[in-house]
Amino acid sequence: MCGIVGLIGLENVTEGLVNGLSHLEYRGYDSAGVYVDTPGAASFTVKTKGRINDLRQEIEKTGDVTGFRGIGHTRWATHGKPKTENAHPHTSYNGRFVLVHNGVIENFKEIKDEYIKDEWLQGETDTEMVVHLVAKIAEEENLSAKEAFKKALTIVDGSYAFALADKEEPEVLYVAKNKSPLLVATGEDFNGVCSDALALIELTNKFVEIKDKEMVTVTKAGITIEDLAGQAQEREAIEFSITANDLALGTYEHYMLKEIEEQPAVMRNILANYVNEQDEVVVDPAIVEAVTEADRIYIIACGTSWHAGLVGKNMLEKLAGIPTEVHLASEFGYNTPLLSEKPLFIYISQSGETADSRQVLVKTNELGYPALTVTNVAGSTLSREANYTMLLHAGPEIAVASTKAYTAQIAVLSILANAVGMQKGITAAQNFNLKNELSLVANQMDSFLNSDHHLQTIVHDMLLEARNAFYIGRGNDYCVSLEAALKLKEISYIQCEGFASGELKHGTIALIEENTPVFALITAAHTNLQTRSNVQEVESRGAKTCIISMEGLEQEHDALVLPHVHELYAPLISVLPTQLIAYYATLERGLDVDKPRNLAKSVTVE
Ligand code: F6R
C-alpha cells in the first residue's frame with residue numbers, strides 16, 4: 001500500500017527519496033511523487049501516475065531537482081483514480097504546506113464541507129483536505145506550522161501517517177501517525193521518516209518507532225516526539241537487523257522465485273531459532289503458559305496468512321489438543337462469534353500491519369483477551385500491540401504474492417503447537433519429532449526445487465488458454481488448494497477456485513466443461529482414493545486434470561510426485577508446485593510477477 005519517505009540534512013535528498021521509494025515499490029502503488037527544497041533556494045514538486053522509473057524521468061525532465069529536505073510518496077488509490085493530480089505530495093491552496101499521507105481520512109467529507117473551498121482542490125483525494133485544513137488553521141488562527149498541524153490532527157478521524165513540510169520553516173519536517181505504520185530514521189548527519197524500514201535501510205539501520213496519536217518534529221540535528229497533548233515522549237532508536245543485501249535480487253529475475261527458493265533455508269532458520277542444542281523445541285514459557293490455559297484458540301488473519309491459519313488449526317488441535325477456530329479478520333471484526341470462556345487470539349500476519357487484523361486486535365485488547373502475533377516483522381504494529389510475539393525469521397518478503405511467509409507461518413505454528421502439546425503431555429506431540437520432521441521438510445523442499453519437475457511444461461499444457469481453473473483436495477490438501485488458487489489468480493489473473501473435492505458435485509461441477517483445468521492435490525492416505533474418484537468425475541465431464549500426489553500414494557499417470565514428508569507437514573511441500581505454477585503461468589502471460597495489478601503488499605486500510 002502507500003509508502004512514505006522523508007529526509008532532512010543530506011546535501012541532496014532527491015536520490016535518497018527516489019531510491020527509498022523504489023524499495024517500497026513492492027508494497028503496491030499506482031503513482032509516485034517527491035517534494036524537495038533548500039533554505040533560501042528553489043523548491044520542486046514532481047509527481048506522476050505510473051512507476052518509480054516514470055518519476056525518475058519526470059525528475060530528469062524538470063532539471064536540477066536538488067534539496068536539503070524532502071518528502072516522497074507512492075500512492076495506492078483509495079479516494080480518487082490513479083492520476084497525477086491525485087498523486088502525493090499535495091500542496092495547500094496558499095502554496096505554503098506540502099503533505100504526504102498513508103491511510104484513509106474517514107471524515108474527509110465533513111472536513112471538506114466545513115473548512116475547504118471547492119476552488120482549492122486539485123484532485124479527489126481525502127489527503128488534500130488535510131493539507132488545506134492545516135493551511136487554513138495556520139492562516140486564520142495565526143498559528144505556527146506545528147500548532148496548526150496539531151490542531152488539524154484533533155479534527156481528522158481515520159488512519160494516517162503524515163509527513164508535512166512548511167515552506168516557511170525549511171529546516172523541519174513534521175510527522176504524525178495513527179493506525180498507519182511510520183518510523184523515524186536516525187543517521188549520522190541526517191534524519192528521516194519512512195513507512196517501512198526497507199526504504200531507508202541503505203542509509204541507516206537505526207529507527208525510532210512512533211506510536212498512534214504522536215507527532216514528531218524532525219530536523220537535521222535530532223527528533224522530538226510528543227503526544228497530541230504536547231507531552232514529550234522519550235524513546236531510543238532500535239537497530240534493525242535487515243540489511244541492504246536482503247533487498248538484493250542477486251541472480252534472480254523476480255523476488256517471487258527467489259523467495260520460493262529460499263523456503264528450505266527459512267525452515268532451517270526457524271529450526272535454528274526455536275530448537276536448542278538438545279533438540280528441544282524452545283518457545284517463550286509465557287507464551288506456552290498463555291496458550292495452555294486457553295480453552296479455545298481463535299486465529300485471526302487475512303489472505304495467505306488465513307490459509308496458513310487453516311493448516312495451523314489442524315496442528316494446534318492434533319498436537320496441542322486445543323479446539324481452534326480460524327477467522328477472516330475483516331469478517332470477525334464486524335460479526336464477532338460467541339466466544340469461549342478463556343479464549344486466546346493468534347494474529348497471523350506477514351507484515352504485522354494489516355488493518356483488518358489490527359482492528360480485531362484493538363477490540364480483543366479492549367476486552368482483555370490474551371493475544372499472540374505470529375509475524376515476519378519485529379516491532380510491527382500487531383507485534384507491539386499483542387501480549388506476545390513469535391517471529392517467522394523468513395527475511396523480508398518483497399514479492400506481493402506471499403510464498404515463504406506462508407510456509408514459515410505453518411512451521412512456526414507447528415512449533416507452538418508442539419511446545420504446548422509437550423507441556424500438556426499430549427501423546428501426539430510426544431511422538432512427533434519436530435526437529436527431525438522439519439529438517440526433513442527442508443531437505444525435501446531442496447530436492448523438489450532442484451528436481452526436473454517439468455512444471456513449465458505442465459503450465460503450458462494446462463493453462464496457456466485457460467480463463468479459469470480449479471484446485472481440489474480434501475483436508476490439508478483442501479487448505480493448500482485455497483492458497484494455490486489465490487496464488488494463481490492474484491498474479492496470473494486466471495480465475496481460479498480452491499475447492500473441497502467432495503463438495504464439487506454439490507454444485508460447482510456445473511462449471512466443468514471441455515478442457516477446464518483441474519489440479520488435484522493428494523498427500524494423505526485416508527483421502528487418496530476419494531479425491532481420485534472426484535478427479536474421475538471431472539475428467540468424465542471434459543476437465544483437463546493434473547494430479548500432484550505424494551510419494552507412497554502415487555499412481556500411474558500422476559503428473560507430479562512430491563518427496564515424502566510427515567503428513568502434518570504435507571502442506572509445506574505440496575504448496576511448492578502450486579507457487580511455481582502461479583509463477584510460470586504469469587511469466588507465460590507476460591505479466592508483472594512481483595507487482596500484480598491492484599494489489600498491495602501491506603494492506604494498511606480496512
Ligand atoms: C497473498 C497475500 C495476501 C496477504 C494478506 C495478509 O499472496 O500476500 O493475501 O497474505 O494481505 O497480509 P499479512 O500477512 O501481511 O497480514
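Visitor: Which handedness does the crossing of α17 and α19 have?

Guide: The model here is predicted. In it, α17 and α19 cross in a right-handed sense.

Visitor: At what angle do helix α17 and helix α19 pack?

Guide: The angle is about 20 degrees, and the axes lie 9 Å apart. Angles under 35 degrees count as roughly parallel. So α17 is roughly parallel to α19.

Visitor: Which residues make that contact?

Guide: From α17, they include Val 480, Ala 484, Leu 488 and Ile 491. Among those from α19 are Val 575, Ile 581, Ala 582 and Tyr 583. By class, the contact of α17 with α19 has ten nonpolar, six polar and two charged residues.

Visitor: Now α4 and α5. How are they oriented to each other?

Guide: Helix α4 spans residues 126–141 and helix α5 residues 145–155. They pack at about 125 degrees, with axes 8 Å apart. The pair is therefore oblique. The crossing of α4 past α5 is right-handed.

Visitor: Which residues of α4 and α5 make the contact?

Guide: α4 supplies Leu 133, Val 134, Ile 137, Ala 138 and Glu 141. α5 supplies Ala 148, Phe 149, Lys 151, Ala 152 and Ile 155. Eight of these residues are nonpolar, none is polar and two are charged.

Visitor: Which residues are buried in helix α16?

Guide: Within residues 455–463, the buried ones are Leu 455, Ile 458, Val 459, Met 462 and Leu 463.

Visitor: Why do the buried residues of α16 line one face?

Guide: Look down the helix axis. The buried residues of α16 fall within an arc of 100 degrees, so they line one face of the helix.

Definitions and conventions. Residues are numbered from 1 along each chain as its sequence is written. This is a predicted model: local features need pLDDT of at least 70, side-chain atom pairs count only at pLDDT 80 or more; totals for chains, interfaces and linings use all residues. Side-chain values use heavy atoms; hydrogens and water are left out. Axes are lines fitted to C-alpha atoms, for helices over the stretch in contact, and angles run from 0 to 180 degrees between N-to-C directions. Helices (H or I, at least four residues) and strands (E, at least two) are DSSP runs, numbered from the N terminus. Angles under 35 degrees count as roughly parallel, over 145 as roughly antiparallel, 65 to 115 as roughly perpendicular and the rest as oblique. A crossing is left-handed if the near helix is turned anticlockwise from the far one by less than a right angle, and right-handed if clockwise. Contact means heavy atoms within 4.5 Å. Ala, Val, Leu, Ile, Met, Phe, Trp, Tyr, Cys and Pro count as nonpolar, Asp, Glu, Lys and Arg as charged, and the others, Gly among them, as polar. Buried means under 20% relative accessible area, exposed over 50%, partly exposed in between (1.4 Å probe, protein chains only). The arc is that of the directions from the helix axis to the C-beta atoms.
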